[in-house]
Amino acid sequence: MTVQPSFASFHSLPKKAVWRGAVGAAFLLLLLFGINRWTAKGAWSFFPATPPQVNFNMSLQMAYYSQDNDWDSTIVLNNNAKEERFVQVTLYGKDGQPLNVPVFSLPANSIRRFKLSDWTLSANNFREGNISVATHGKPMEITGQVSVVNRRDRLEFESKPSMAMEYSSQRLNGIVTVPDRQAKAYIALTNTSAAPIDVSLTSDSEHVHADKVKLLAHETKVEEIKLKNSNNSPLSALVTLQHNGAVGALITTAYAVNKQTGFTANLYFYDDAKTVSNKLAGAHFRFGEANPAEGFPAGTIFKAPLVLANLGTAATTATVTVDYTQNGQAKTQLIGSFPLASRAVKEIELQSALATFGVTGVVENAGVDIQYTGTAGTVVGQLISMSTNGDYSFDVPVKDPLAGMNRNTGSYPFRLDGGYNTVLHLKNTTDKVVYAAVQIRYEGGTYNPNQIKLEPFQTVAVDIKRFQSTQAKDIRNSVLPGNVTSGKIIWYERTGGSLIGRAETADFSGGIAGSFSCGGSCTCGMQTTSAYMSPYSFLSEVGDHGYPFTPMEMLEDCNGDYDYGPYAITSGLSWSSSNSSIATVSGGYVECMGVGTCNINFTYTAVIDYDGDYSCNPAYNNFYDSGSINVLDLVINKDGQNVTGTTQNVIVGQRIQLQAVLTAPPELGSSQTSWTIPGFRLANYVDNKDSAVITPLDNLTNNTQITYYWLDGGDNRTVKFDVSFPSASGLPSPAITKSVTFNVKRPTAQVTTETGTPNIASNPDRLRFGTAVTPGITFNGTVTMPSGFSPGNVQWIQKITSLLRRRKNSLTGAWQRYEKMNVIDSTYPYNNSTINIASPFSESDSPYSDFEATINEKTVDDHFEMYLMFKPAGTGSIWVPLRRVIWFWTAGATKGFLTNVWSLSPNPSYSMNPSSEDVIIPPVWTGYADGTTINYVDE
């Protein structure tokens, strides 16, 4: 082991330098005393003029900070208590010299960030060292962490908090690993006690030299652990630290760094005596193709070397399994079982191992589980996700999921400012489905996602910024405000011994990332404060079955300050029905048996308190509640037959008669009903020679019977009947819907035309469209019935708008006119003919106007609409249109002054072989033109 020059071991300062440092520190304390001081963006502290008398019974240690050689350090303090806590922060230089920051307050449930440079100013003795945080209250009410950042070289590592009670021995073990020849590994050794200690560093690796280090009181020494080999491949070694001080006197911060590539990673040392199981787990690592949603440059690829080491004297076998989520599907992959001899180290590159099993492409979340044989605590692990260019690296704590203080919960600071985002990663370390409660706290409020379901061994992500950017509503119908930039995210496991978690705060554009994994302030789990049924009333019908009710609970943590929920109760429920003839229930599954109202009840035994601070002996209480279920019977009849839920084939023009038959318990009171009928439909169509009238379908509400006709065709039309009971509180509206599906068929029709020309006819003299041989217009029609329907009938209906003009003297006489609009042309139906659809059919028209003997000039302007109408077989059917031809003719004639011979005026106009068009709206009219009674009026 050698010492890096910029992290040199402690040497005594000259007396003059010591004096200057003491004066500077004293001046600094005077400067800070009694000042409100801005310390970091969004963070402040208040130094009272007279510090309160506080019994500082708790101490939190951070092994290392640095403000040297482009490094900058920030301490984050997290108050998990429901009251304010006073804090005494002491910065120790490398030599153990203290700098006491005046006592300040952390408000209840707050997060505060402080740049150490704001505290040390020009005090040169505090470029490196360690930190002690004294506070009062319960263990883990105040947690914290130091982030050491070099933004120029895109580097960051953390100094995790330590408490004496986290240690049981004088031995620490860790895996030191570097990815390449240029990377270096360092370990900061800190003596937290007031007495000197001796530390021995040993390793079975030939690449690590044994060494002994003496640490004076509160002294920190930074040592480089050289791991070099000739081929530039990764190298890892198991390192053991043994000291002779009190338990917990030695704490460490270790990290690997490559300034050229931007690679940094924390290296973890553990007291194996504190482990309780022979399992290890890590929450969220990256491998293979980077997820573009996280903001990595295109083409970023991650390797994931997992290093395992056997601390024991006997051989062991470690079985490695990876869980991952891809395309929303949670999966697991057994990597293999790996024998480990005593003190052996084994590297398993998970990215390449997973590729051999066909696991490629973008993975959303991944975690690792390790099960080993033999004694608990004999295997340690180190996992780092690193991009192939070395610029991005993320270390993943691999730890015993059942060990650690307050391991059932986590309380982590988050940042959303300056390009940062924080994502909570939770991992299920069991083979059962489990749930997690999560709460996001910020100044002025909380955001409460629904409890999170984790499949066996699954790792999930809770992305805080995504909640904010999407403005997704939580279970309390609130959103995370867009101006929130900091706070804390809390999680609790709902099943004991099931979860581990950590929060990753990263600025991907800046290449900076850090991880928080401290426990919360509660040694024991959550406790239920209330339970209730949701909804408290439900409307259903005979034959229905399912899970209409969800028992809900509200919970609180050990502080009783914040509540969580409401969450669905997922287990431990007992169910009963007050009247099984109306509804039965089993496991929450309700079957509706008959009309009436009854109660569906649940009972639930839940933890309401814990006895003692650390024993966690639970106290239970029974909760119960009920929801009323109102069962009705509702069917839709068609022509007296129950057609509810069926598909009916009908045809346009066919009378549809529906009736909703409702039987409901009297407790519901009066009902409101409505029909939903898609497509073009009407209530009725009545037509004769004098008029044709459409009655629209507008009686769709509060009407259980309805009669209507469809005009257009179309399959899969769902007719619905909705019923609600506004007088019954707690019921949705509409509450019950019944439906029947209709396939509405329509005949296929075609109409073609042939036209003549206007001319003068004689005997009698008249202006006519067409001749005796060639009609003015001929209509040729065909109709094909849809399969399964009897032939119906067709008929022609022609509407006319006519303008006739005449005058008696072509030179000086006045004009007279006759006008008829929107009427039937002569007869109903056209030519008084109804046709069976057995074969093609045709009709023609040769409209004319006679020349009266007393006139000399005449004009005709006729416009027509010829409809091909269809009526299906069956009682109550109506005529509906299939095709329409719009046509006209306009012509004039003049009688010769001397010859009395009529001649056709120049440029007559008329429709030539007009085409037909599909039409679904029936024609309407208000009279008829019989062609015999024509009364002219003067213009």
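This briefing covers aromatic pairs, charges over rings, and cysteines in one structure. The model is predicted: local features need pLDDT of at least 70 and side-chain atom pairs count only at pLDDT 80 or more, while totals for chains, interfaces and linings use all residues. Residues are numbered from 1 along each chain as its sequence is written, and side-chain values use heavy atoms, with hydrogens and water left out. The structure holds 34 aromatic pairs and two disulfides.

**Aromatic pairs**

- Rings of Phe, Tyr and Trp (its six-membered ring) pair if their centres lie within 6.5 Å; planes under 30 degrees apart count as stacked, over 60 as edge-to-face and the rest as tilted.
- The pair of Phe 157 and Tyr 255 is stacked, because the ring centres are 3.7 Å apart and the planes stand at 10 degrees.
- Phe 157 belongs to strand β11 (residues 155–159) and Tyr 255 to strand β19 (residues 250–258), so this pair ties together parts that are 98 residues apart in sequence. Strands (E, at least two residues) are DSSP runs, numbered from the N terminus.
- Phe 157 and Tyr 255 are both buried, a term for under 20% relative accessible area, with exposed meaning over 50% and partly exposed in between (1.4 Å probe, protein chains only).
- Trp 796 and Phe 841 form an edge-to-face pair, with 5.9 Å from centre to centre and 65 degrees between the planes.
- Trp 796 is in strand β65 (residues 793–807) and Phe 841 in strand β68 (residues 841–845), so the pair ties together parts that are 45 residues apart in sequence. Both Trp 796 and Phe 841 are buried.
- Trp 796 and Phe 841 also belong to a cluster linked by ring pairs, together with Phe 769, Phe 779, Phe 864, Trp 887, Trp 889 and Tyr 910.

**Charges over rings**

- A charge sits over a ring if NZ of Lys or CZ of Arg is within 6 Å of the ring centre and within 35 degrees of the ring normal.
- Lys 689 lies over the face of Tyr 928, at 4.2 Å from the ring centre.
- Arg 766 places its charged end over the ring of Tyr 848, 3.8 Å from the centre of that ring.

**Disulfides**

- A disulfide is a pair of cysteine sulfur atoms within 2.5 Å.
- Cys 522 is joined to Cys 558, with an S to S distance of 1.9 Å. The torsion about this S-S bond is about -90 degrees, so the disulfide is left-handed.
- Cys 522 lies in the loop between β40 (512–516) and β41 (527–534), and Cys 558 in the loop between β44 (550–556) and β45 (563–568), so the pair ties together parts that are 36 residues apart in sequence.
- Cys 522 counts as buried at 0% relative accessibility, whereas Cys 558 counts as partly exposed at 32%.
- Cys 524 is joined to Cys 616, with an S to S distance of 1.9 Å. This disulfide is left-handed because the torsion about the S-S bond is about -95 degrees.
- Cys 524 is in the loop between β40 and β41, and Cys 616 is in the loop between β49 (596–611) and β50 (617–638), 92 residues apart.
- Cys 524 is buried, at a relative accessible area of 8%, and Cys 616 is partly exposed, at 22%.
- With the bonded cysteines of the chain numbered in sequence order, the pairing is 1-3, 2-4.

**Cysteines too far for a bond**

- For Cys 518, the closest cysteine sulfur is that of Cys 522, at 15 Å, too far for a bond. Cys 518 counts as buried at 13% relative accessibility.
- For Cys 592, the closest cysteine sulfur is that of Cys 598, at 8.0 Å, too far for a bond. Cys 592 is buried, with a relative accessible area of 6%.

How values were computed:
Helices (H or I, at least four residues) and strands (E, at least two) are DSSP runs, numbered from the N terminus.
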